[in-house]
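Hello,

Here is the structure I promised to pass on. Please have a look, then read my notes below.

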Amino acid sequence: MSAKFEISFSKSAKLHGGLAILLKTAEADGAAGAETADPAGVIAKAAKIARFSAKSMAALDIVAPEGAPVERIVVLGLGKAAELTAHDWLKAGGAAASKIKNTDKAAVFLDVPGLTTDARAAADFALGMLLRGYSFDAYKTKKNDDEEKPAKPVKVTIVTADVTGAKKAFSDSEAIAGGVNLARDLVNEPPNALGPVEFAARAKELEKLGVDVEILTEKEMRRLGMGALLGVAQGSVRPPRLAIMQWKGGKSKDRPVAFIGKGVVFDTGGISIKPAAGMEDMKGDMGGAAAVTGLMHVLASRKAAVNAVGIIGLVENMPDGNAQRPGDIVTSMSGQTIEVINTDAEGRLVLCDALWYCNDRFKPQFMINLATLTGAIVVALGNVHAGLFSNDDELSGQLTAAGLSTNEKLWRMPLGKDYDKLIDSKFADMKNTGGRQAGSITAAHFLKRFVQDTPWAHLDIAGTAMGSPQDEINQSWGSGFGVRLLDELVRAHYEA
């Protein structure tokens, strides 16, 4: 069950019971709020006994502190003040959230002596709490003993000097948390509950936030000539959908920015079936579509001053008697023909029609697609970085910087003619895989053939969208990777 926090900001707090969380840097003599929460000076004695030196994210937990107005004090280390980053404030919020147990109220003191804590840091701390509080157990009928009753929201008062600024900044943090957690929900849902139609319905719910949403059915996609996407879907009894989400927060004359997501709600590999071991993880093969949907939620929730388009291709890849075969040739919306060498290289077939449709209809400033596309990128980069492929150095640089800012890190991979020729086909304009070598690069080159001259980036998030390591701000199998990254890109470079 997700922890629920009612977060408010104040310049001071009157303590009576509950929990006090005090932040401390390695250099500071005292912790923030120590004079209020620890009038008897218990912290200094406890820190000496525990050899607590306020290393980053280290915690000193004191239960029933003598002479204190609270039932429990947690001192949370921030490490060296000079080395603090924006992401460290998120991590600190997540670490603090992990300490809030068996209490209905908590006060957090942010303003460490000698450290200037601005409104953005306070909002990032609060965002870290909201992200850490997420969990997905909707299908568990048996709860732990302490979870039998619905959890009441914990009232959290964050004590900091710039209350007005923190409140304003926190409104954006709530929007970001909502988008990330929506993306996590979508990735975590079981495939029998979230098919293409159900996913499209979830996208349609964004209309409540002011997003214009259109859903194209199989009939409409066939009329448009989306033979590549439809070829993937033809083996499933569950019909495909294409969801088009528009947020119109900019000037009417401004060209939109565009985000396209792979939404394979379950991927068996089709006729080129995957091994049984670990196939259950392929419910997360729609992590790109989940991230795009989460991003559109954020942009609408915070009323971003930008025109943005989000397009997600939603299909299920199954080995039915009607499924496409290796050797089939399909015609994409662009008119280019594709020889299907391996039906498990299906995501690029979905994306190529979605990319062409987006470019043809919306003429965007740029297109960024996200996809859990290749196992090859996991071999290359593990789950620390997502792969970045781009035809535009400026867009690539902006994305890399946004990744460093949010800690949703990207690593640019090469493109070139020698790689592109590996997907030339004897029988069609191209084939859908170039073989094992340079697998993530040839997949990117396949997509590149459908973007023309529009600035474009492909993010291969196979190693980061699902099953990535748990940390201070994410304890979920589905991470929501890409939502904060792309919101930061828009915020930094594309809002009016």
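**Thr160 and two helix pairs**

Thr160 touches Phe9, Ser10, Lys11, Leu110, Asp111, Thr117, Ala122 and Ala166, leaving aside residues up to four places away in sequence. Bear in mind that this is a predicted model. Thr160 sits in the loop between strand S6 (154-159) and helix H5 (163-188). Is Thr160 buried or exposed? Its relative accessibility is 1%, so Thr160 counts as buried; the cut-off for buried is under 20%. The side chains of Thr160 and Asp111 are joined by a polar contact of 3.0 Å.

Next, helix H5 and its partner H4. Helix H4 (residues 119-132) packs against H5 at an angle of about 30 degrees, and their axes are 8 Å apart. H4 and H5 are therefore roughly parallel to each other, as angles under 35 degrees count as such. Their crossing is right-handed. On the H4 side, the contact includes Ala122, Ala123 and Leu127. On the H5 side, Ala166, Ala169 and Phe170 are among the residues involved. The residues of this contact divide into 13 nonpolar, three polar and four charged.

Now the second pair. Helix H12 (residues 393-406) and helix H15 (residues 483-493) pack at about 120 degrees, with axes 8 Å apart. That angle makes H12 oblique to H15. The crossing of H12 and H15 is right-handed. Gln398, Leu399, Ala402, Gly403, Ser405 and Thr406 in H12 meet Arg484, Leu485, Leu486, Glu488, Leu489 and His493 in H15. Five of the contact residues are nonpolar, five polar and two charged.

Best wishes

Key:
Residues numbered from 1 in each chain as written. Predicted model: local features only at pLDDT ≥ 70, side-chain atom pairs only at ≥ 80, totals over all residues. Heavy atoms only, no water. Axes fitted to C-alpha atoms, helices over the stretch in contact; angles between N-to-C directions. Helix = DSSP H or I, 4+ residues; strand = E, 2+ residues; numbered from the N terminus. Parallel < 35°, antiparallel > 145°, perpendicular 65-115°, else oblique. Left-handed = near helix turned anticlockwise from the far one by under 90°. Contact = heavy atoms within 4.5 Å. Nonpolar A, V, L, I, M, F, W, Y, C, P; charged D, E, K, R; others polar. Buried < 20%, exposed > 50% of the residue type's maximum accessible area, 1.4 Å probe, protein only. Polar contact = N/O pair within 3.5 Å; in protein donor to acceptor, adjacent residues only side chain to side chain.
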